[in-house]
Amino acid sequence: MIWYPYQQMKTMKPPYQIVDAKGVYLCTENRKLIDSVSSWWSVIHGYKHPELNQAITEQLGKFAHVMLGGLTHEPAQKLSDKLQEWLPGDLDCCFFSDSGSVAVEVALKIALQYYVNRDETQRTMVLALEHAYHGDTFKAMEVGDDEDYHFVLKAYGKSKNVIHIPTEIEALEKAFAAYHERLNCFIVEPLLQGAGGMRMYDVSFLKRARELCDRYGVLLIFDEVATGFGRTGNRFVADLVLPDILVLGKALTGGYIGHAVTVTSRRVYEGFYDDDPAHALMHGPTFMGNALACSVALKSIELFEKQDYMSKIRRIEAITRREMNGFSDPRIKEIRIMGACVCVEVYDPQTIAGYQQFAFERGVFSRPFLNYMYAMVPYVITEEALVKVLDTMKAWFVKG
């Protein structure tokens, strides 16, 4: 029996059975559905992409996986080299893992141990954002701030080591003034907070965070698992404001295989580079640097570059703004658009109850949650298909 995610198994409706997928379409036995959420925001090239398929097939002819403990291989080496070349600043040092949540755990562990290695053992606190989501593993949940996902931590009581603030510069400055001596890091989903409600905020907040982190010697972590690879309209938000640690996942492999990477600056890496074995990073996911995942990630990045995916994203945003311009309904609190993300927030979650089936019947797969109806489409979507997704969202409100 499958235990499905984020569902009460006793009352959940049966999931849609997918038998094939190609391009932006998911196929049931008798229906084609535009995947408006890119399989949790990861399938940026669409399904069954011939070049991605070929990259995996060619690597599979050699080997699928070998551990990175005492061994290494070309796909992991090439992906690390490519990321070092491709990412901004001195984000040069790649620690691979098998999911975004684990990569966040690695980032938080690095931030803490960085200061422990320097005998600054008082730096046990993490600054994070209200409405944050960083994954479902335990430390990721602790720095998150979404009770719908992380209510289990109530059993432990309020964390003494995590401070949550709104995306307001005044609150940011107050937090640093009060806690800077005890902070090891500030972790954010930059510009766009995903599972916390597709909340969007201004880059000026991040620029001020960078200044304060520099002033007080605090590491800045960008969790770009969801925002990376163009989703915000920027290649990476790290191109605008440089973090000390960057976490990537989801679209890293084009949504083909679970894989992630925690990338650090040279300065952070050198905090572990020592003759003392106790200063080593003692972490090692079994499938880190998986050869199939690294091979498809390399091809995914190649497609992103050669086919100018940033222009595709700008086109998606322009079409979305055109189609949503002037649309309103008394039940809608706000419509937010950033890059290849659109979110319709309603006042009452009951307003969008039943929307998933409504969309299904019109050839669109959607997964609204709480008060949020949203779309994060694959970047290869045609204008016709994108307009259909947006028209379906609007039609839900027009129907009454």
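Strand 3 (residues 32–35) and strand 15 run parallel and are joined by two bridges; strands here are DSSP runs (E) of at least two residues, and helices are DSSP runs (H or I) of at least four residues, both numbered from the N terminus. Two strands are taken to pair if DSSP finds at least two bridges between them. Across this pairing, I34 lies opposite V364 of strand 15.

The open sheet has four strands in the order 1-2-3-15, with mixed pairing. Strand 1 (20–22) and strand 15 (364–365) are the edge strands, each pairing on one side only.

## Basis of the description

The model is predicted: local features need pLDDT of at least 70, side-chain atom pairs count only at pLDDT 80 or more, and totals for chains, interfaces and linings use all residues. Residues are numbered from 1 along each chain as its sequence is written, and side-chain values use heavy atoms, with hydrogens and water left out.

Buried means under 20% relative accessible area, calculated with a 1.4 Å probe on protein chains only. C341, C343 and E345 are buried on one side, and V342, V344 and V346 on the other.

Strand 13 (residues 332–338) runs antiparallel to strand 14 and is joined to it by six bridges; I332 has V346 as its bridge partner. The two strands form a hairpin with two residues between them, and G339 in the turn has a positive phi of about 55°. Strand 16 (residues 372–375) is also antiparallel to strand 14, with four bridges, and its residue A375 stands opposite V342.

## Helices 11 and 13

Helix 11 (residues 309–324) packs against helix 13 at an angle of about 40°, with the axes 10 Å apart. Axes are lines fitted to C-alpha atoms over the stretch in contact, and angles run from 0 to 180 degrees between N-to-C directions. Contact means heavy atoms within 4.5 Å. Among the residues that meet are R315, I316 and I319 in helix 11 and E383, L386 and V387 in helix 13. The buried residues of helix 13 include A385, L386, W396 and F397.

## The setting of H73

H73 lies in the loop between helix 2 (50–60) and helix 3 (74–86). This residue is buried, with a relative accessible area of 5%. The side chain of H73 reaches the backbone oxygen of G289 at 2.8 Å. Not counting residues up to four places away in sequence, H73 touches F63, V66, L68, G289, N290 and A291.

Notes. Buried means under 20% relative accessible area, exposed over 50%, partly exposed in between (1.4 Å probe, protein chains only). A polar contact is a pair of N or O atoms within 3.5 Å; within protein, one must be able to donate a hydrogen and the other to accept it, and residues adjacent in sequence count only if both atoms are side-chain atoms.
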